[in-house]
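This report describes one protein, starting with the whole chain and then turning to two of its residues. Please look over the sequence and the structure before reading on.

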Amino acid sequence: MSEKDNAEDLIIDPHAMNIVNRVAPGSNCAGKFTYEGGVLVQGRLEGSIEVTGGPLVLMPEGEIVGDINVKGEAYLFGTILEKAPGEMSEVDVNDAVFLANSLKADANITAGAIKSYEGALVNGRIRTVRRQA
């Protein structure tokens, strides 16, 4: 079996995934954010981020800094930066988190399940936890 035959693609379908929010490329937002429905991040978000009712999708050009809480799934293709030198960002995902090959994260990542793709770079703790149904 060739490497190509064993490849697995992550498909992002905004309509099917209930992604109704977007941080556009070139945006630079800081503060406390609460999203109802999924969010597609192509710009920069910094602060406290909560997502319910859909996934967090951090695109390759997107950046996040801070504390991220996702009640569903997270698809991480972009960059997660430290909150301050030596202080990791915190990512807490109730369901599965997908760590794409383009991910660069200075973060502690906690999730119900983790799928990591070859090439994903995480400088921080990765752990799974059992969630109450």
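## Terms and model

Two residues are in contact, or touch, when they have heavy atoms within 4.5 Å. The model described here is predicted.

## Overall build

The protein has 13 strands and zero helices. Read from the N terminus on, its elements run β-β-β-β-β-β-β-β-β-β-β-β-β.

The C-alpha trace spans about 50 × 35 × 35 Å along the principal axes of the protein. A compact globule with 133 residues would have a radius of gyration near 14 Å, and the protein agrees with this because its own value is 14 Å. Take the contacts between residues at least 6 apart in sequence: 17% of them join residues at least 24 apart.

## Surface and charge

Of the 133 residues of the protein, 39% count as buried. The protein exposes about 7400 Å², and carbon and sulfur atoms supply 46% of that area.

The protein has 12 positive and 19 negative charges. The mean position of the positive charges and that of the negative charges are 4 Å apart.

## Residue S89

S89 has its place in strand β9, which covers residues 89-99. Is S89 buried or exposed? Its relative accessible area is 0%. Buried means under 20%, so S89 is buried.

Which residues does S89 touch, if those up to four places away in sequence are not counted? They are V65, G66, I80, L81, E82, K83, D106, A107 and N108.

## Residue V20

V20 has its place in strand β1, made up of residues 19-23. Why does V20 count as exposed? The cut-off for exposed is over 50% relative accessible area, and V20 counts as exposed because its relative accessibility is 55%.

Not counting residues up to four places away in sequence, V20 touches E36, G37 and G38. One of these, G37, is 17 residues from V20 along the chain, and the C-alpha atoms of V20 and G37 are separated by 5.7 Å.

## The two residues together

Conventions
Residues are numbered from 1 along each chain as its sequence is written. This is a predicted model: local features need pLDDT of at least 70, side-chain atom pairs count only at pLDDT 80 or more; totals for chains, interfaces and linings use all residues. Side-chain values use heavy atoms; hydrogens and water are left out. Helices (H or I, at least four residues) and strands (E, at least two) are DSSP runs, numbered from the N terminus. The radius of gyration is taken over C-alpha atoms; the globule rule is 2.2 Å times the number of residues to the power 0.38. Buried means under 20% relative accessible area, exposed over 50%, partly exposed in between (1.4 Å probe, protein chains only). Accessible areas come from the Shrake-Rupley method with a 1.4 Å probe; for residues, only the protein chains shown count as cover. Lys and Arg count as positive and Asp and Glu as negative; His and the chain ends are not counted. The place of a charge is taken as NZ of Lys, CZ of Arg, CG of Asp or CD of Glu.
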